[in-house]
Number of protein chains: 4
Amino acid sequence: MPRVSEEHLERRRQQILDAAQTCFARKGLHTTTMQDVFAESGLSAGAVYRYFKSKDHLIAALTTEATVDLHAAMSEAVYSDPLPTPPELMHTVAEAVVRLSTPGGAVRLIPQAWSLALTDPNIADYVRTNMAGVRKLWFDYTRRMVDIGWLPPDADTDAVAKTLLGLLPGFILQYLIMGDVDPETLTHGVEQLFPTFRHTAVAPG
Amino acid sequence: MPRVSEEHLERRRQQILDAAQTCFARKGLHTTTMQDVFAESGLSAGAVYRYFKSKDHLIAALTTEATVDLHAAMSEAVYSDPLPTPPELMHTVAEAVVRLSTPGGAVRLIPQAWSLALTDPNIADYVRTNMAGVRKLWFDYTRRMVDIGWLPPDADTDAVAKTLLGLLPGFILQYLIMGDVDPETLTHGVEQLFPTFRHTAVAPG
Amino acid sequence: MPRVSEEHLERRRQQILDAAQTCFARKGLHTTTMQDVFAESGLSAGAVYRYFKSKDHLIAALTTEATVDLHAAMSEAVYSDPLPTPPELMHTVAEAVVRLSTPGGAVRLIPQAWSLALTDPNIADYVRTNMAGVRKLWFDYTRRMVDIGWLPPDADTDAVAKTLLGLLPGFILQYLIMGDVDPETLTHGVEQLFPTFRHTAVAPG
Amino acid sequence: MPRVSEEHLERRRQQILDAAQTCFARKGLHTTTMQDVFAESGLSAGAVYRYFKSKDHLIAALTTEATVDLHAAMSEAVYSDPLPTPPELMHTVAEAVVRLSTPGGAVRLIPQAWSLALTDPNIADYVRTNMAGVRKLWFDYTRRMVDIGWLPPDADTDAVAKTLLGLLPGFILQYLIMGDVDPETLTHGVEQLFPTFRHTAVAPG
DNA sequence: TATGAATGAGCGTTCATTCAT
DNA sequence: AATGAATGAACGCTCATTCAT
């Protein structure tokens, strides 16, 4: 029964990706076997291998997939008007992290991708690309901070962006491993460390 | 070669741990085979298994070992006099990260331990313990910040500590994966985000 | 070679069982390696493990299998008409033992199963079940002996059955280890020890 | 500290044999490791290997050792005066079996030796020798039966001896594996199957 | 004599991948 | 397009044995 619709193909692909994410988030990248993925997806070995030509390809695909929702949430916040203060922004992002950290959630794959990137050059490329994409948002944010006067015109926006972004892994890890932080923790911490950023003029809705 | 000194035993143990760290840092926890460890250590299978009863035990031992140097460096900074400002402290810690990130360095194991902790409850215990140990340092630091007047007496020191600690994973990952941050980046970022903390009275040398 | 008939699966299973029996009978349960079984069966490791999930499962399956032919031979004799005399019955059973004791024969596995049952509770269950099944035949036989008048109505048929069954291991072991007994030996021995059992009336066909 | 007394050597040897018997009876010949024996005996690897040059030598020594007590018990009964009837003899022997079947008891090694003899020619020699020794007792017994008139002068004493001996393995196995026979069971079974053997003249004490 | 650390061949088992159907 | 039986290299680990001390 050849000649199948593009849509069918895409649905199959997503079905496999979903199954793999569930498995990987639950058991880990290496501990999950392809047989696990076959079982979770309800598809045969041959079917899965038609869509992803190796386990590594599946991992690579998910590595990218894992950050898209988080990226979207951050993107919305960073470009919103009026510009959120750093505590506000961190709160929004932290909430997205929590939302995407359910069992099987995409955020649970992120630390695994970081880890893999340290020893697998192939995965490192994907992870670097994703991290660069996220960091771009923070660069834009810090530039908007300058525009708005929250940072001086000669501020080292690069360093500020990298530093702010750096708070995110710390939150993800403490949330997933220690389980004793929540968005408010991060927000309060930032509020007390940073000076108060205040909108001098209310931006029009 | 029986009836061997306690010291000999300890040296052997360390020899294995060193070999394993080199392998794990280079190839990753799962990709490293015990054969790799045998070869790197110059010991036989039986010899290694005399000291560590499984690969998991070796991983667990290294998981703990991986943070001791970093912990020591942080400890020295946190309890030093006069109290370092946050940018100063971050600089010290970031430099320790860099120093311990050489090929085969202990810091390269840390993200792998984080990753493993998400799916292996056994390792999670070790990682939690280590993370709690490090966080204790930051709690102490934030309490000293209050004592010195850098934070108000009613500051949420818990949140501040968790937030500050959170900068560390971000630095480690950006340093190891992106390679475009250095201790100065972090220091500058923190300097520009945080208000200036100044010692009002010079502590006696 | 997927989507294979039930029959094919059963044939494969039997192919493995046959190979394993040959190996086990030749080299012993513990001395036989799985590699031996792969080689003897002409199948790969993976193929064998698809049908039996461990060496122990293979042993358990063969432990049961080892007695079925003997059980069948005994069953036929025990329920035949007219009732065979004890010497006749022993002769029939002894002949079955001899027939099944060729190199690679099932009977060669039986003492190994007995041995294993003494220290492996898992195998002990299988062996007990099989032994109980065989003993049931002797219980039925002794009850028929009572019916026919060869034993008094108040005879301790339980003890008689256990005693008669007890002759079997002795024959098997002397046949396999000493090699100087044959069905006639047993028959003669029983004839001379036991009183003459005679059918007083010819049973109708 | 060289030049140790003969007696000391023999004591050490026995110490090892005892430890090995305990282990073998508990875990089985193959499952028991030499490390188990070292631990049970409280001796070092080197010490054990000074007395037995391989695990196989230890097994061979125990294989012979396993039947000596049983042999002695049977010997006493067979040569006693007046001649015990078959039921009496079986009772005596069965009681010896029970007595020597405690955890760690020698009888628990016997079926393991039978099993090993089927595939290990070296052990088969030992087992054959032991079995021949035991059978010699039964030959003598059946000859005494003829002398006393319990069997006709032209009786096939060889077949009778082999048949009677054959009851022993059956009892041992049913006792060890099924656990639902005792000396009385065997005695009753023999009594009911065999004609009554009666001493026509009382033998002088 | 006695020790016990060290050896290393070889075990049982797994699992990413292929390909005949 | 889809199946799933089959492959086999390679894994983690064991344990009888040796020999420097």
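B:Lys136 counts as partly exposed, at 45% relative accessibility (partly exposed lies between buried, under 20% relative accessible area, and exposed, over 50%, using a 1.4 Å probe and protein chains only). Its salt-bridge partner is B:Asp140, with the closest N and O atoms 3.0 Å apart (a salt bridge is a side-chain nitrogen of Lys or Arg within 4 Å of a carboxyl oxygen of Asp or Glu). B:Asp140 itself is buried, at 12% relative accessible area. Helices here are DSSP runs of H or I, at least four residues, and strands are runs of E, at least two, numbered from the N terminus.

A quick word on the ground rules. This is a predicted model, where local features need pLDDT of at least 70 and side-chain atom pairs count only at pLDDT 80 or more, while totals for chains, interfaces and linings use all residues. Residues are numbered from 1 along each chain as its sequence is written, chains are lettered from A and ligands numbered from 1 in the order written, and side-chain values use heavy atoms, leaving out hydrogens and water.

Over all chains, the structure holds 36 salt bridges. Here are three of them:

| Pair | Closest N to O |
|---|---|
| A:Asp140 and A:Arg143 | 3.0 Å |
| B:Asp140 and B:Lys136 | 3.0 Å |

In chain A, A:Asp140 and A:Arg143 are three residues apart in helix α7 (residues 121-148), about one turn. A:Asp140 is buried at 11%, whereas A:Arg143 is partly exposed at 43%. A salt-bridge network links A:Lys136, A:Asp140 and A:Arg143.

Over in chain C, C:Lys27 is partly exposed at 28%, and C:Asp36 is partly exposed at 22%.
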